[in-house]
Structures are given as C-alpha cells and as structure tokens.
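Here are some notes for a colleague opening this model for the first time. Please read them with the structure in view.

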Amino acid sequence: MVALDRKIKLADYELVDDAHPALYVGTYGKYNEGSLDGMWVDLTKFDSYEGFLRFCHELHSDEYDPEFMMQDYMNFPRDLYSECIGEDTFNKLLEYCEMDDEDREMLEAYASIHGRDYATLDKAKNDFIGKYESEKDFAEEVLETYDNIPEFIRGYIDIEAFTRDLFYDYHFENGFVFSC
C-alpha cells in the first residue's frame with residue numbers, strides 16, 4: 001500500500017473508487033443539527049489510524065472539536081463497521097484493504113464459521129485445507145489419498161456417511177474447507 005496518509009490533503013483528495021472499502025465520515029454535531037455533511041473516505045489511501053484522523057480533522061475543520069461519526073460504509077463486511085471506529089477496528093479494516101479478492105473470500109468464509117472477532121487472515125490460512133465444489137468432492141479426495149484400500153472394497157464405502165463423519169473434523173463454507 002502506498003503510504004499516502006501523511007501527505008493527503010483534502011484539496012488533493014480524489015473521489016472514492018466504488019470498488020474500494022470506504023466510510024462516509026460526518027460528525028455527531030452536524031448530525032444533531034440535521035446535517036449529513038461529510039464525505040466518502042477511501043480507506044486504501046491511509047496506512048495508519050493517525051493519518052485517517054488527521055484527514056477527518058481537515059475534512060471537518062469547520063468544527064472546533066469534531067466527534068466523528070461513520071454514517072455509512074461500503075465494500076467491507078458489516079461486522080467491521082461501527083459509527084465510532086477505534087484504532088483496533090481501523091487496523092482490521094486496513095488489513096482487509098490489503099487483501100486480494102481470494103483472501104477476502106476465504107476470510108469471509110472463515111469468519112462465518114468462527115466469527116469476526118476470532119477470524120484473522122493468518123488463522124484462516126493456517127486452518128485452510130483447500131477449495132472444493134462440495135463436501136463430497138473433498139471426501140472423495142481424502143479417500144483417494146489412502147493407497148492401501150483395495151479397489152474392490154472402495155465400492156462398498158458409503159461416501160455420504162464418510163463425508164458426514166469427516167466433517168466432524170472439518171468445516172465447509174462457500175467452497176472453502178478448513179480444519180477445526
């Protein structure tokens with residue numbers, strides 16, 4: 001990621017790319033006065049929480065002590081969004097911004113199994129087994145790894161029962177298989 005956050009100025013800020021993770025940043029003061037004045041802020045432009053805050057202060061420099069309100073979000077998971085974004089959550093958003101599409105898809109599958117608080121890309125990659133069309137496809141591949149099962153016996157194996165039992169130790173979500 002290009003470290004733009006120390007240099008980015010409101011006057012030089014480019015419009016948000018519709019594909020980038022972004023927040024609509026307003027303030028509670030303006031909102032309480034009936035105003036939604038704010039701006040979509042592209043999170044890929046920042047490499048730190050401090051840089052993001054500096055930009056938001058410049059954006060709302062018409063207020064003495066603005067209390068920032070994240071009024072909307074786009075292109076990142078709902079459970080990473082909050083009206084008040086602290087440094088920990090912002091850092092998770094930055095991590096999300098740096099992922100490629102395949103890693104994002106894998107993390108989303110992992111998070112739906114384990115929850116967002118537990119899910120990190122490192123944990124997901126550590127537990128990742130592979131991507132398959134179905135649980136049955138994974139089970140068939142596992143069976144193929146056992147060289148010592150004679151071919152005539154393979155016909156007697158109940159693949160549905162084997163698949164069901166196998167997934168006591170694995171999780172399947174959106175094509176991704178993870179170990180427990």
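Predicted model: local features only at pLDDT ≥ 70, side-chain atom pairs only at ≥ 80, totals over all residues.

1. **Start of the chain.** Over residues 1-7, pLDDT stays under 50. For that stretch the model has 15 contacts beyond four places in sequence.

2. **Confidence elsewhere.** The average pLDDT of the chain is 86. A score of at least 70 is reached by 88% of the residues. Among the elements, helix α1 (residues 28-32) has the highest mean, 96. The lowest mean, 84, belongs to α7.

3. **Layout.** How many helices and strands does the chain have? There are eight helices and six strands. Read from the N terminus, their order is β-α-β-α-β-α-α-α-β-α-α-α-β-β. Of the contacts with a separation of 6 or more, 60% join residues 24 or more positions apart.

4. **Surface and burial.** The chain has 180 residues, and 40% of them are buried. Its accessible surface is about 10,800 Å². Carbon and sulfur atoms account for 47% of that surface.

5. **Main core.** The largest nonpolar core contains 31 residues. L23, V25, L43, F52, M70, F76 and F90 have the most contacts inside it. Several elements give two or more residues to this core, including the strands β1 (22-27), β2 (39-42), β3 (68-74) and β6 (176-179).

6. **Second core.** A separate core of nine residues is also present. A139, L166, F167 and V177 are among its members.

7. **Salt bridges: K30 and D62.** Side chains of opposite charge can pair when their charged atoms come close. The whole structure has seven salt bridges. One of them joins D62 to K30, with the closest N and O atoms 3.0 Å apart. D62 sits in the loop between α2 and β3, and K30 in helix α1, so the pair ties together parts 32 residues apart in sequence. K30 counts as buried, at 10%. A network of salt bridges links K30, D62 and E63.

8. **Salt bridges: local pairs.** R154 and E151 meet through their side chains at 3.8 Å, N to O. They are three residues apart in helix α7, which means a separation of about one helical turn. R154 is partly exposed at 22% relative accessibility, while E151 is exposed at 63%. D165 pairs with R164, and their closest N and O atoms are 3.5 Å apart. D165 is partly exposed, at 36% relative accessibility.

9. **Nonpolar patch.** F152, I153 and Y156 make a nonpolar surface patch of about 400 Å². Y156 lies in the loop between α7 (151-154) and α8 (159-166). With 71% relative accessibility, Y156 counts as exposed. When viewing this region, recall that α7 has the lowest mean pLDDT among the elements.

Key:
Residues numbered from 1 in each chain as written. Heavy atoms only, no water. Patch = residues over 30% accessible without salt bridge, like charges linked within 9 Å, V, L, I, M, F, W, Y side chains within 5 Å. Areas by Shrake-Rupley, 256 points an atom, 1.4 Å probe, with all protein chains shown as cover. Salt bridge = Lys/Arg side-chain N within 4 Å of Asp/Glu carboxyl O. Helix = DSSP H or I, 4+ residues; strand = E, 2+ residues; numbered from the N terminus. Buried < 20%, exposed > 50% of the residue type's maximum accessible area, 1.4 Å probe, protein only. Core = buried A, V, L, I, M, F, W, Y, C linked by side-chain atoms within 4.5 Å. pLDDT = per-residue confidence, 0-100. Contact = heavy atoms within 4.5 Å.
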